[in-house]
Amino acid sequence: MGTENRDEVGAVLVVGGGIAGIQASLDLANAGFFVYLVEKAPAIGGVMPQLDKTFPTNDCSMCIISPKLVDCANHRNIEILAPAEMIGLSGSAGHFTVKVREYARYIDPKKCTACGVCAQKCPKKVKDEFNLGLGWRKAAFVRYPQAVPLKYAIDKVHCIYFDKCTCRACEKLCPSQAVDFSQTDKEREVEVGSVILAPGFRPFDPLQKPEYGYERYPNVLTSLEFERLLSATGPCGGKVKRPSDNAEPQKIAWIQCVGSRDAAIGREYCSSICCMQATKQAMISREHDPGVAATIFFLDLRAQGKGFDRYYERAKEVQGVRYIRSMVSRVTQDPRTANLEITYANEENRIQSEEFDLVILSVGLVSHPATRELAAMCGIATNRWGFAESPPFELVGTDQPGIFACGAFQSPKDIPETVSQASAAAAAAFNLLKGARGNKIAAAAYPAERDVSREAPRIGVFVCHCGHNIASVVDVEAVAEYARTLPSVVYADHFTFTCATDSLENMRRVIEAESLNRIVVAACSPRTHEPLFRENLRQAGLNKYLFRMVNIRDQDAWVHQQIPEQATAKAMDLLRMGVARAARLEPLEEVPFPVTRQALVVGGGLAGMTAALAIADSGFKVSLVEKGEELGGMARRLHYTLEGHRMQPHLDTLKHEMAYHPGIQVMTGARVLDFSGHVGKFRSTVEDLRGRREIEYGAVVIATGGAEYRPTEYLYGQHPGVLTQLELENTLEHDPAVLPAEPRVVMIQCVGCREPEHQYCSRLCCGAAVKNAIKIKELRPRAQIFVLFRDMRTFGFKELFYKQARELGVQFCRYEVDRKPEVAADGSRVLVSLFDQNLQVPLSLTADYLVLSAAIRPHPGSQEIAQVFKLPVDTDGFFLEAHMKLRPLDFAANGIFLCGLAHGPKYADEAIAQAQGAAARAMAVLAQTQMLVGGAVAKVIREKCSRCLTCVRVCPFEVPAVAQGADAAYIDPAKCLGCGVCTGECPMGAIELMHHRENQLGAEIQAACA
């Protein structure tokens, strides 16, 4: 790449159309940058559309990614280039020239209507790679039914015309004349200021582990292949059948660590997701068929994510999934039945053999085959497995300015971390190009809104299968047929995924063709999908409030799985209620207001400072409030990371930048006393030693941090030789001379977590034990160290350090929760007794130091912040995000974001990336000059108001006011959050909540009673 210095370009090229690329693209486009999203496949989405459900919520994967796919497809500032790939790069940070090759589809996307005639008439069948060869597609195809862009393509390799110069059936029969065999690949150059690399991953090829019989035995499948069998859009329509005979399997086994944690094949790292994916698949298999016996063979059950440990315990205790801690050496087949025999050593070291109908290989994640060439083109370093190398404390950084990496390209990881890092990469690009923001974007354009005030209701009903989620329980066809009988309904139909691009386009066409003026969608949750459908109404020229969503998934199909007939009847009841209410919906007006373009960050730890600097460096003012007298939070107690990076110099740099940044106001020893307003225009009172002051801001980042649990067990606080990992780290850093020449150290894991009262994993404790054990070995090579663990959760590349510790002679002894270690004082030493589950013998260990890997708890101040900002917390007291998978940085309330230990336990580099991601989410708000308010807000009926002040007293947001001399209360539509408390409490019935008016609710209730 050259180093010429040219004007910055307000555009970014994102390579890879998986969830990481999609999230980065949306964050940048919403913040005022133009995005070129380059994907080699003919549709974006990556691996997520191939998944059936996602853990730990068991949400339909297609359902939760679909709104983001549609947002990408419809965003005026995103150009999707697919199928295409980057083939050249020149220039420097701020102004790159990227050469892109766009591959021919042989179907004109401008003419293609996705009618599917080309695929129906194509005589050539080929194995479908989306279904991993388990099903068939045609040479004319679309990658998956909800693909974005939803345009067909012709597979040149398998097309009869390209092979034999005959056929051309698709060309003859296409009603849109979209087939164009003369198309050729084209190259184009685009000017961008930054490049984000998100090429994703590929599943490990199990042919490299021939002992498991993959492809030799038809009933041995990979975990991703099994996802397709579970999926309603898969080759079996969601009915799991084994390939050899199409029988429904009753005994299924999962083998973990296939292609991970395996030095024999040179893949020592852990792939991070496999244990939980197997757990999910086992649970879903039993939901499909309660008679299925599910068995998971594993080494360490790695449930290190938020909510994962509870999910794992539910699988064991509620769903009856059997977990066997054993490494399976081989799989053999009974040639008569095609059943599979697994021989293994159980936990008592007895050899067992067991037969299964189906065996699933939990294959690891490997870097995408194209990444090495891509990395070389960009001049960035990768590790020996092809994953991007990151600078210290910069997970999304590379060694080339202006080029960022995120998602599984950086390291194997789950979806929430991928999404957070994608937003972090967007923040890095935003910061680099802040001066060029807005110079490449197009203005929003909607058709004129149709006046329906004089029209009789003409209601359209769209019933969703939601893949397998609803249709496996509710007879959606019967529900759609029933809808046609309801008053004012002039159109009703059912769709596999109503949120898919083609379904939304169809909805717009039907609205125009049938002159519909109200829409009812019977599908999943309005919490996730209502904004998507409202936006679709706007694009169709209807007021977005002429929409009603009926939740027949969460409130029906999911809770009545065992009684489908009653569930179908309930769906009809819910739909009848929704239609009755929709008939009385009215168009509502929203008014613009100026955005307060500065942010508030609550918490001055590592995450809080990182978020504040990311926002301020992008040109927005920031107020940071820290309850303590000093910045730094828990990071002040960290000295070195597992990877060997030094924390305190990094923290000192952050503090220096905070102190001298002209855009940041730091308030230490301060508290936020109150909170009011709405996204784009919040207000709070902050109190510190100098008194109280009012601050206004458009977005807020909550980064209140965490605290180390102070153990009450194992003689902590009673014996001088018992300390926590953080206390040990401090000793090793500042006073290593106190260690004896040959110290004996025992470490106990999971202290204060993974117990009924605190059923979560603290994520970083295993890494902390390994880190300190290695440090002791460096200082005292003859030290004897014993780590007492339940599961070693050194996920990702942290597994390499676990391996290093073992090679250094650190002993790892496993215990079970019902047989915890026992501790007694032995003079200046500590005596630790346990039953070693691996050796099946009792052990007695004498230690100079007993080190407790204490859990991470929410910061004590988090509860106060939750009350002030009215934010939800989870069972463990950590803040509860809007959605665990796809909105890990957002609260349900718009404009409030989350990062760091306040969200849950995590490593320092993860907290930094999450803070940068939260900053990106906040900057998308602050980048706007104005936003809209109003609509579904409370409105005072002046002639009924008695000025009793009830509304003033009960409003949790202090919005209603009665001015001196006024004849009625006034509710500012810009401040009202539409909670409805004042409406319910007003003794005179003088307040109506728009969109939830009395006649609308009354019609719904009457319909329920009909």
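A salt bridge here is a side-chain nitrogen of Lys or Arg within 4 Å of a carboxyl oxygen of Asp or Glu. The side chains of Arg-336 and Asp-334 meet that rule, with N and O 3.1 Å apart. What we are looking at is a predicted model, where local features need pLDDT of at least 70 and side-chain atom pairs count only at pLDDT 80 or more, while totals for chains, interfaces and linings use all residues. Residues are numbered from 1 along each chain as its sequence is written, and side-chain values use heavy atoms, with hydrogens and water left out.

Let me stay with that pair for a moment. Buried, in this talk, means under 20% relative accessible area, exposed means over 50%, and partly exposed is in between, using a 1.4 Å probe and protein chains only. Arg-336 is exposed, at 76% relative accessible area. Asp-334 counts as buried because its relative accessibility is 15%.

How many salt bridges does the rule give? The count comes to 67. I will take two more of them.

One is between Arg-325 and Asp-300, where the closest N and O atoms are 4.0 Å apart. To place these residues I need the element numbering: helices (H or I, at least four residues) and strands (E, at least two) are DSSP runs, numbered from the N terminus. Are Arg-325 and Asp-300 buried or exposed? Both are buried.

The other also involves strand 18. Glu-354 and Arg-322 form a salt bridge with N to O at 2.5 Å. Glu-354 belongs to strand 21 (residues 351-356) and Arg-322 to strand 18, so here the parts tied together are 32 residues apart in sequence. Glu-354 is buried, at 15% relative accessibility, whereas Arg-322 is partly exposed, at 33%.

Next, helix packing. Two packed helices are described by the angle between their axes and the distance between the axes. The axes are lines fitted to C-alpha atoms, for helices over the stretch in contact, and the angles run from 0 to 180 degrees between N-to-C directions. Angles under 35 degrees count as roughly parallel, over 145 as roughly antiparallel, 65 to 115 as roughly perpendicular, and the rest as oblique.

Take helix 15, residues 564-582, and helix 25, residues 998-1009: their axes come within 8 Å and cross at roughly 150°. That angle makes helix 15 roughly antiparallel to helix 25. On handedness, a crossing is left-handed if the near helix is turned anticlockwise from the far one by less than a right angle, and right-handed if clockwise. The crossing of helix 15 and helix 25 is right-handed.

Which residues meet there? With contact meaning heavy atoms within 4.5 Å, helix 15 contributes Arg-576, Met-577, Ala-580 and Arg-581, and helix 25 contributes Gln-1000, Leu-1001, Ala-1003, Glu-1004, Ala-1007 and Ala-1008. By class, this contact of helix 15 with helix 25 has 6 nonpolar, 1 polar and 3 charged residues. The classes are simple: Ala, Val, Leu, Ile, Met, Phe, Trp, Tyr, Cys and Pro are nonpolar, Asp, Glu, Lys and Arg are charged, and the others, Gly among them, are polar.

Now the other helix pair. The axes of helix 6 (residues 223-230) and helix 7 (residues 274-288) come within 11 Å and cross at roughly 25°. Helix 6 is therefore roughly parallel to helix 7, and their crossing is left-handed. From helix 6, Ser-223, Phe-226, Glu-227 and Leu-230 meet Gln-277, Lys-280, Gln-281, Ile-284, Ser-285 and His-288 of helix 7. The make-up by class is 3 nonpolar, 5 polar and 2 charged residues.

Last, some backbone points. Phe-55 and Pro-56 are joined by a cis peptide bond, with omega about 0°, and Pro-56 is in the loop between strand 3 (53-54) and strand 4 (59-60). Ala-82 and Pro-83 are also joined by a cis peptide bond, omega again about 0°; Pro-83 lies in the loop between strand 5 (78-81) and strand 6 (84-92).

Leu-132 has phi near 55°, a positive value in a residue other than glycine. Leu-132 is in the loop between strand 8 (125-127) and strand 9 (136-138), and is partly exposed at 29% relative accessible area.
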